[in-house]
Amino acid sequence: MTFSEWTNGGQVLQSSGRILFELADGWYVCSGTVVQDGTEGISIILTAAHCVYDDVNKVFARSVLFIPNQDGTSGAGTDQNCSNDPLGCWEPSHGVVDLDWTTSRFPANIPYDYAYYVVPDVGAHMGKGADGSLASVAGALQIDFGSRADGLRTHALGYSYSDDPNFMYCAEGLGTELSYEDYWLASCGLSGGASGG
């Protein structure tokens, strides 16, 4: 199935969001999801490592904003105006990536292309919506570290930049890309910006 706009609302829309960040050569966008972590004082956003750390220039992203449910924005698209998004924005304190993402290069680092942004419960919220921890305002989804089998039907969801600011999805069977040790949805069609969704 090629990608379509997500129209089912629900917790997945509330807990997922756009990540806006800056690297040495400009501004970028990715997607991320607030996940349950069981730790007091912080909320955790799961995303892709390339949305947190530039493995070529060896630097972490800066000026990071997480915009949950950006699909409901009153703005024209992704921007730094947190007052036009239904829940506002949260500013992570830092990102965490696997050491193997930082010490190897594409395609050898593909199996390590996952990361987390850490968001303090106090002082991170800006703009519209309720103050409080990100997890309590946007909600947090359970994370599953179990492995998946080739061909198993699954969904990919994220904020494709080609359809900014809409939350998009697709569904198909998992497959592996060439010889990479990573799963892909080869016919999905989500564009850049959906990474980390």
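This is a predicted model: local features need pLDDT of at least 70, side-chain atom pairs count only at pLDDT 80 or more; totals for chains, interfaces and linings use all residues.

Colleague: What order do the three strands of the open sheet come in?
Modeller: The order is β1-β13-β12, and the pairing is antiparallel. Strands here are DSSP runs (E, at least two residues), numbered from the N terminus, and two strands pair if DSSP finds at least two bridges between them.

Colleague: Which ones are the edge strands?
Modeller: β1 (4-5) and β12 (153-158), since each pairs on one side only.

Colleague: Okay, new topic. How many salt bridges are there?
Modeller: Two, counting a side-chain nitrogen of Lys or Arg within 4 Å of a carboxyl oxygen of Asp or Glu. In one, D164 pairs with R18, with the closest N and O atoms 3.1 Å apart. D164 sits in the loop between β12 and β13 and R18 in strand β2, 146 residues apart.

Colleague: Is R18 buried or exposed?
Modeller: R18 is buried, at 0% relative accessible area, whereas D164 is partly exposed at 22%. Buried means under 20%, exposed over 50% and partly exposed in between, using a 1.4 Å probe and protein chains only.

Colleague: And what does R62 form a salt bridge with?
Modeller: With E22, at 3.7 Å between the closest N and O atoms. R62 is in strand β7 (residues 62-68) and E22 in strand β2, so the pair ties together parts 40 residues apart in sequence. R62 is partly exposed at 40%, but E22 counts as buried at 19%.

Colleague: Last one: what volume does the second largest pocket have?
Modeller: About 150 Å³, which is the space filled by probe spheres set on grid points joined across faces, edges and corners. A pocket is an open set of points on a 1 Å grid over the protein atoms alone, where a 1.4 Å probe fits, with protein on both sides within 12 Å along at least five of seven lines; lining residues have an atom within 4 Å of a point.

Colleague: Which strand gives the largest share of that lining?
Modeller: β3, with three residues.

Conventions. Residues are numbered from 1 along each chain as its sequence is written. Side-chain values use heavy atoms; hydrogens and water are left out. Helices (H or I, at least four residues) and strands (E, at least two) are DSSP runs, numbered from the N terminus.
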